[in-house]
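Me: I have a structure open here and would like to go through it with you. Could you help me read it step by step?

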Amino acid sequence: EAARQLSAAIVAAREVVACEVVAAVRALRLKGVVVGGRLGTAIDELAPSLDAEMADRDLGPDLRAVITQLDGLSRYVTLVEEV
């Protein structure tokens, strides 16, 4: 049972992270902010799969696109011990 609950929690956590990424990218686009470094590279990698339209709309396709790319984006994350 614990393993099933953990599996469900991981799926939910990935969805929350995707929501945060989509919101952050949309906010950066709205403000016209260009980010450098590894974060900028990660955003550049995501950008083609995210709709550039800023109007109010269903963000489901953007969220699904980010979820499918989360594992690949992990290479841009630095562990605290590495800093």
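Me: Which residues in helix 1 meet helix 3, and which residues in helix 3 do they meet?
Reply: Keeping in mind that this is a predicted model, the residues on the helix 1 side are R14, E15, V17, A18, C19, V21 and V22, and in helix 3 they meet D62, L63, V66, I67, L70 and D71. Sorted by class, that contact has nine nonpolar residues, no polar ones and four charged ones.

Me: At what angle do the axes of helix 1 and helix 3 cross?
Reply: Their axes cross at roughly 115° and come within 9 Å, which means that helix 1 is roughly perpendicular to helix 3.

Me: And is that crossing left-handed or right-handed?
Reply: Helix 1 passes helix 3 in a right-handed crossing.

Me: Let me step back for a moment, how many helices and strands are in the chain?
Reply: The chain has three helices and zero strands, and when you read along the sequence the pattern is α-α-α. If you take the principal axes, the C-alpha atoms of the chain fill a box of roughly 45 × 35 × 15 Å.

Me: OK, what about helix 2 and helix 3, at what angle do they pack?
Reply: Helix 2 and helix 3 pack at about 145°, and their axes are 11 Å apart. The crossing of these two helices is right-handed.

Me: Which residues make that contact?
Reply: Helix 2 brings A42, E45 and L46 to the contact, while helix 3 brings V66, Q69 and L73. In terms of class, the residues of the contact between helix 2 and helix 3 are four nonpolar, one polar and one charged.

Me: Changing topic, how much space lies in the largest pocket?
Reply: The largest pocket holds about 300 Å³ of space. It is lined by 16 residues, and the closest of them to the pocket centre are V21, L39, A42, L46 and L73.

Me: Which elements give two or more residues to that lining?
Reply: Those elements are helix 1, which covers 2-31, helix 2, which covers 37-46, and helix 3, which covers 60-73. The lining of this largest pocket consists of twelve nonpolar residues, one polar residue and three charged residues.

Me: And what volume does the second largest pocket have?
Reply: The second largest pocket has a volume of about 170 Å³, and the residues lining it are V25, L28, R29, V33, V34, V35, G40, I43, D44 and A47.

Me: Which helices supply at least two residues each there?
Reply: For the second largest pocket, helix 1 and helix 2 each supply at least two residues of the lining. By class, that lining divides into seven nonpolar residues, one polar residue and two charged residues.

Notes:
Residues numbered from 1 in each chain as written. Predicted model: local features only at pLDDT ≥ 70, side-chain atom pairs only at ≥ 80, totals over all residues. Heavy atoms only, no water. 1 Å grid on protein atoms, 1.4 Å probe; cavity = no way out; pocket = protein on both sides within 12 Å on 5 of 7 lines; lining within 4 Å. Points joined across faces, edges and corners; volume = space filled by probe spheres on them. Helix = DSSP H or I, 4+ residues; strand = E, 2+ residues; numbered from the N terminus. Nonpolar A, V, L, I, M, F, W, Y, C, P; charged D, E, K, R; others polar. Axes fitted to C-alpha atoms, helices over the stretch in contact; angles between N-to-C directions. Parallel < 35°, antiparallel > 145°, perpendicular 65-115°, else oblique. Left-handed = near helix turned anticlockwise from the far one by under 90°. Contact = heavy atoms within 4.5 Å.
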